[in-house]
Amino acid sequence: MTPISSKLGAATRILFLRAGLGLGLAAAASSLAMAQDKAGPPKEAFTDCKQLADGDSCPITTPDGKSIKGTCMATPDKKLACVPKDAPRR
């Protein structure tokens with residue numbers, strides 16, 4: 001029995017390779033986009049600044065229950081988020 005790959009012409013094999021590569025790149029781009037969405041501030045950071053203005057102080061409660069000082073800052077999409085005072089700036 002002859003393998004299917006030997007029955008296919010060179011142009012058909014190239015077409016399948018390009019389609020596979022395209023699907024792989026699309027999947028990688030989708031994963032990267034989802035990872036970038038999760039890299040932003042947590043939803044609580046936005047809630048903490050809901051009634052405040054840019055530059056106002058805001059309290060942050062850490063997952064272990066500690067309270068730290070923060071400042072409301074505008075994100076690139078113009079939403080206010082509470083950022084810890086000692087957080088590294090990008």
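Cys 49 and Cys 72 form a disulfide, with their sulfur atoms 2.1 Å apart; a disulfide here is a pair of cysteine sulfur atoms within 2.5 Å. Colleagues, please note that this is a predicted model, in which local features need pLDDT of at least 70 and side-chain atom pairs count only at pLDDT 80 or more, while totals for chains, interfaces and linings use all residues. Residues are numbered from 1 along each chain as its sequence is written, and side-chain values use heavy atoms, with hydrogens and water left out.

Let me stay with this bond. The torsion about the S-S bond of Cys 49 and Cys 72 is about -100°, so this disulfide is left-handed. The pair links distant parts of the chain, 23 residues apart: Cys 49 is in the loop between helix 3 (43-48) and strand 1 (57-61), and Cys 72 is in strand 2 (residues 67-74). Helices (H or I, at least four residues) and strands (E, at least two) are DSSP runs, numbered from the N terminus.

Are these two cysteines buried or exposed? Cys 49 has 3% relative accessibility and therefore counts as buried, and Cys 72 is buried at 0%. The terms are set as follows: buried means under 20% relative accessible area, exposed over 50%, and partly exposed in between, with a 1.4 Å probe and protein chains only.

The structure holds two disulfides, and I turn now to the other pair. A disulfide joins Cys 58 to Cys 82, with an S to S distance of 1.8 Å. The link of Cys 58 and Cys 82 has 100° about the S-S bond and is right-handed. Cys 58 lies in strand 1 and Cys 82 in strand 3 (residues 80-84), so the pair ties together parts that are 24 residues apart in sequence. Both Cys 58 and Cys 82 are buried. With bonded cysteines counted along the chain, the disulfides follow the pattern 1-3, 2-4.

Which residues make up the largest nonpolar core? The core has five residues, namely Cys 49, Cys 58, Ile 60, Cys 72 and Cys 82. A nonpolar core is a set of buried Ala, Val, Leu, Ile, Met, Phe, Trp, Tyr and Cys residues joined through side-chain atoms within 4.5 Å. As general background, nonpolar side chains tend to be buried together in soluble globular proteins. Leaving aside neighbours within four places in sequence, Cys 58 is in contact with several residues, among them Cys 49, Leu 52, Ile 68, Cys 72 and Cys 82; contact means heavy atoms within 4.5 Å.

Three strands form an open sheet in the order 1-2-3, with antiparallel pairing. Strand 1 and strand 3 are the edge strands, each pairing on one side only. Neighbouring strands of this sheet are turned by 45° against each other on average, direction ignored. Axes are lines fitted to C-alpha atoms, for helices over the stretch in contact, and angles run from 0 to 180 degrees between N-to-C directions.

Strand 1 and strand 2 pair in the antiparallel sense over five bridges, and Pro 59 has Lys 69 in strand 2 as its bridge partner. Five bridges likewise join strand 2 to strand 3, which run antiparallel. Two strands pair if DSSP finds at least two bridges between them.

Gly 70 is found in strand 2 and stands opposite Pro 84 in strand 3. Gly 70 is buried, with a relative accessible area of 1%. The C-alpha atoms of Gly 70 and Val 83 are separated by 5.1 Å, although these residues are 13 residues apart along the chain. Not counting residues up to four places away in sequence, Gly 70 touches residues including Cys 58, Ile 60, Cys 82 and Val 83.

In general, most residues other than glycine have a negative phi. Lys 78 is exposed, with a relative accessible area of 73%.

Thr 75 lies in the loop between strand 2 and strand 3 and is buried, with a relative accessible area of 11%. Which side chain makes a polar contact with the side chain of Thr 75? The partner is the side chain of Asp 77, at 2.3 Å. A polar contact is a pair of N or O atoms within 3.5 Å; within protein, one must be able to donate a hydrogen and the other to accept it, and residues adjacent in sequence count only if both atoms are side-chain atoms. Leaving aside neighbours within four places in sequence, Thr 75 is in contact with Pro 41, Phe 46 and Ala 81.
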